[in-house]
Amino acid sequence: MRVIPALAVPVWRTLPWRTLGAAGAAGLLTAGLSRLPGAEPDSRLALGLLRGAALAGALGLAFLLDDPARDGTTTVPTGRAARTALRVALVAPVAALWWAAALLLVPGAHRPPAGAVTLEAGTACALALAAATVAVRHSDDPRPGRPAATAVLVTALLAPLLLPSRWALFTGPEDPRWAAAHDRWAWLLAGAVTVGISSLGEPLGHPFRRTADQPT
């Protein structure tokens, strides 16, 4: 466990901060559209803007596991699961502050229920991270962010069109299906976390070997 604190600074430096920053800025700009001079926001528009901000943040997090030096880290004493968990732990506080700022950018009178929309945002981010872990698990690509982000974006665009009404996810607070929809969001979150954790093992076909265990 001592190696984890020692890895914190090197891992922090290798995180894709430019991509995360660009996605975060896009999300804040989206949420902030409701405060433009002359804008007349309503609750439906505010909800749509926050969902757009959440999608931007999720697309940024899809690139969190991009690591150009991945081939050189397969033999370090710390397994991929611990390195991935460290990446998520380092970014999580920043992401939480970013989302709080996005919520505050929406005028309070039109802001949707914070808990429900935060559940949606958290699920989107978890799905993006799960897609990235699956991509790493099943490929040698050191940059799984692009296919993961593409999968998240396509899913986000098609889900409102293809889901039947009884499974609707993108409802409004005034819709009687609001509570049931967020039960489904919670199940999606649990599923994304489960898939992500189950995909944290070393890439298939490339078993992890500790250099310390190799005979000298």
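Residues are numbered from 1 along each chain as its sequence is written, and side-chain values use heavy atoms, with hydrogens and water left out. Because the model is predicted, local features need pLDDT of at least 70 and side-chain atom pairs count only at pLDDT 80 or more, while totals for chains, interfaces and linings use all residues.

**Helix H7**

Start by selecting residues 178-198, which form helix H7. Helices here are DSSP runs (H or I, at least four residues), as strands are (E, at least two), numbered from the N terminus. H7 has 21 residues, and at 1.5 Å a residue it should span 30 Å; its end C-alpha atoms are 30 Å apart, which agrees. The expected span is 1.5 Å times one less than the number of residues.

Within H7, colour Trp178, Ala181, His182, Trp185, Ala192 and Gly196, which are its buried residues. Buried means under 20% relative accessible area, exposed over 50%, and partly exposed in between (1.4 Å probe, protein chains only). Look down the axis of H7: the buried residues fall within an arc of 90°, so they line one face of the helix. The arc is taken from the directions from the helix axis to the C-beta atoms. An α-helix has 3.6 residues a turn, so residues three or four places apart point the same way.

On the other side of H7, Ala179, Trp187, Thr194, Ile197 and Ser198 are exposed. Now show H3 and H5: the buried residues of H7 pack against both.

**Aromatic pairs**

Phe170 and Trp185 pair edge-to-face, 5.5 Å centre to centre with 85° between the planes. Phe170 sits in the loop between H6 and H7, 15 residues from Trp185 in helix H7. Trp185 is buried, at 6% relative accessible area, whereas Phe170 is partly exposed, at 35%.

Next, select Trp98 and Trp99, a tilted pair at 5.9 Å centre to centre and 45° between the planes. Trp98 is buried at 15%, and Trp99 is buried at 8%.

**Salt bridges**

The whole structure holds two salt bridges, each being a side-chain nitrogen of Lys or Arg within 4 Å of a carboxyl oxygen of Asp or Glu. Select Arg51 and Glu120, whose side chains meet at 2.7 Å, N to O. Arg51 lies in helix H3 (residues 43-61) and Glu120 in helix H5 (residues 114-137), so this pair ties together parts that are 69 residues apart in sequence. Both Arg51 and Glu120 are buried.

Then move to Asp175 and Arg177, which meet at 2.9 Å, N to O. Asp175 counts as buried at 18% relative accessibility, and Arg177 as partly exposed at 31%.

**Nonpolar cores**

Finish with Leu15, Leu61, Leu64 and Val91, the residues with the most contacts inside the largest nonpolar core, which has 20 residues. Such a core is a set of buried Ala, Val, Leu, Ile, Met, Phe, Trp, Tyr and Cys residues joined through side-chain atoms within 4.5 Å. H3, helix H4 (80-105), H5 and helix H6 (145-162) each give two or more residues to this core, and H5 gives the most, with six.

Centre on Val91. Leaving aside neighbours within four places in sequence, Val91 is in contact (heavy atoms within 4.5 Å) with Leu15, Trp17, Leu20, Leu61 and Leu64. A second, separate core of 15 residues includes Ala46, Leu50, Ala54 and Val106.

Notes:
Rings of Phe, Tyr and Trp (its six-membered ring) pair if their centres lie within 6.5 Å; planes under 30 degrees apart count as stacked, over 60 as edge-to-face and the rest as tilted.
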